Amino acid sequence: MTLPAIHIEGLTKRYGSGDTAVDALKGVDMSIAPGEVVGLVGPSGSGKSTLLKCLGAVIEPTGGRMQLGGQNIYDGSASGWQIDDLRALRRDRIGFVFQAPYLIPFLDVTDNVALSLMLAGKGNGIARQRALELLQALDVAHRAGAAVSELSGGEQQRVAIARALANQPPVILADEPTAPLDSERALTVMHILNQMAQQYQTAIIVVTHDEKIIPTFRRIYHIRDGKTYEEAGEGRTI
Amino acid sequence: MISLAGRDILHSWGKYVFTGAGLGLLIGVTLSMAGIYRGMVEDARMLLTNSGADLWVVQRDTLGPYAEPSTLHDDSWRGIAGLPGVAATGNVTYLTMQARRGDDDVRVMVVGFEPGHPGEPTNLIAGRPITRSHYEAVADEKTGFLLNEEVRVRRHDYTVVGLTRRMVSASGDPMIFIPLKDAQEAQFLKDNDAIINDRARTAANPGLNRPNVPGLLDAVIASQSANHNVNAVLVQVAPGWDENLVAESIRRWKRLQAYTRAQMEEILIAKLIATSAKQIAMFLVILAIVSGAIVSFIIYTMTLGKIREIAVLKLIGTPNRTIAGMILQEALGLGLAGFIVGKAVATLWAPYFPKYVLLETGDAVSGFLAVMLICTLASIVAIRAALRVDPATAIGG
């Protein structure tokens, strides 16, 4: 039996304390298999970003349990984080794709991807070779030596996806990756994410408001008032 | 591993070049200020070296002849020359004044000397030494005089027959050498109206104008008109003699003050230029603080401009030390660029200063280390700001 890439149970997050406390997450349950791409949909202030930040190990939940590839990484009933080095966790096991690509402007395309590998301890040569392979897979290898400012929005987003995939993390968290793109490019990015999820057996959570990409998900988690509700999607082939 | 700082500098090199150039001009001013101080010290040392003396004999209880006025009779040298250990003596006068050059004037130190004795001009770069007893001069090139030009000192014109280099007073004024007798006249004699006035006063004094003592009035007037004073006697000590012992002997037997080279350096550097040195030191401290504040502000602003990138770097697992290292390296890079520009401009503009500017390698090394230290300290604020960046800010919401 394959272990879920992400499994969370009863995850809660409270900001502040006393009368001013706000419960952003009120017991979120979620389980995503390797290679699966799921949507996370909800209105503003519903807790999407908080959930993403908890999954990305950049803020600490208040309660519940969180597992990555079967490994307990957070347990609210125990001592919280079960891993000492959260920076290494983010570097090696979680990839991030943002609404804007947020590439490092002073690095060229290859080095933007290779940097993640170098941070993980790979040598320059190996890191750049792997980066080129990913850029090839994402069809932007012809811009490998270009400055990121010379790339179109769609190309930049592909490079950002390549960077997220660099260390072959079991999970990628994508925060509205298609928001700045037109329909055609948005669907292309979703196609790439699905393809990469299959190829690398990576679980991808896509936070989105984008109506045009919602039909592409097989499963969608709706989040409202800090709780998730699962729904089967259309899973339309792109 | 990629050099993030190097890439960032290459990416925005124009900004770094202009910022480095601006900082460099500030560093150039700082290096020049240090050079001005070194130049003052060097001028003082050159003054002593060029005089060719081992001892300076001056009026008792004075710090003469450079730091305080000193007057000696011009025959004092006879008694000094007879003391054991004295190889040579020379009378000298020093007078700082505005010497006329055509319709203009130039600030100089007029030195009266005896040819062939200590105190005569050295470092002759053009022309010849003074050979006549009167109305010839040797001028330092910094005065702007040319060979055969006329220089007016008080009431007389002197022909420039030789030019020297680096013959300056302790305050950096270039020297003009003239024969001792001419210099004594220039320094101590009064103008014609004052002489006539004094003669009339003397003649009106019944104590000095006695009809029954013939020749008394003329003798008194002659003594008033003639001048037999000098400012110092320069002494060369015979080989093998301890200059301290010779100086002590002069102090004891001649009732005069005698300074050795070390004592004279102490007077010039620790007393005469001490206030100027403190002034410059104060200015250097202010410049260091201003430079530090500017570097700090620039680095802080540059870091704030990269907050989003820093958040992303932290989110993808970049260690804090790598981010801190990037900011520190950029600050040091800026300091290095600034230092190179500063050293270059300080070297380029040094010859155009009216007084000597001595840029020492040791000062440049100290300056470089100070710039690096200031840049390191200045980057602390920016590093703290970068380390406080929450990686969560890279994620929206």
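Two strands are said to pair if DSSP finds at least two bridges between them. In this predicted model, strand E4 (residues 104-113) of chain B is joined to strand E9 (residues 175-179) of chain B by five bridges, and the two strands run parallel. Within this pairing, Gly112(B) has Ile178(B) of E9(B) as its bridge partner.

E9(B) also pairs with strand E6 (residues 136-140) of chain B, here in the antiparallel sense and over two bridges. On this side, Ile176(B) of E9(B) is the bridge partner of Ala139(B). Five of the five residues of E9(B) are buried, so the strand is largely enclosed by the rest of the structure.

A contact between two helices was also examined in chain B. The axes of helix H9 (residues 274-304) of chain B and helix H12 (residues 361-387) of chain B come within 8 Å and cross at roughly 30°. Because angles under 35 degrees count as roughly parallel, H9(B) and H12(B) are described as roughly parallel to each other. Their crossing is right-handed.

From H9(B), the contact is made by Ala288(B), Ser291(B), Gly292(B), Val295(B), Ser296(B), Ile299(B), Tyr300(B) and Thr303(B). H12(B) contributes Ile374(B), Cys375(B), Ala378(B), Ser379(B), Val381(B), Ala382(B), Ala385(B) and Ala386(B). By residue class, the contact of H9(B) with H12(B) consists of eleven nonpolar and five polar residues, with no charged residues.

Note on methods. Residues numbered from 1 in each chain as written. Chains lettered and ligands numbered in written order. Predicted model: local features only at pLDDT ≥ 70, side-chain atom pairs only at ≥ 80, totals over all residues. Heavy atoms only, no water. Axes fitted to C-alpha atoms, helices over the stretch in contact; angles between N-to-C directions. Helix = DSSP H or I, 4+ residues; strand = E, 2+ residues; numbered from the N terminus. Parallel < 35°, antiparallel > 145°, perpendicular 65-115°, else oblique. Left-handed = near helix turned anticlockwise from the far one by under 90°. Contact = heavy atoms within 4.5 Å. Nonpolar A, V, L, I, M, F, W, Y, C, P; charged D, E, K, R; others polar. Buried < 20%, exposed > 50% of the residue type's maximum accessible area, 1.4 Å probe, protein only.
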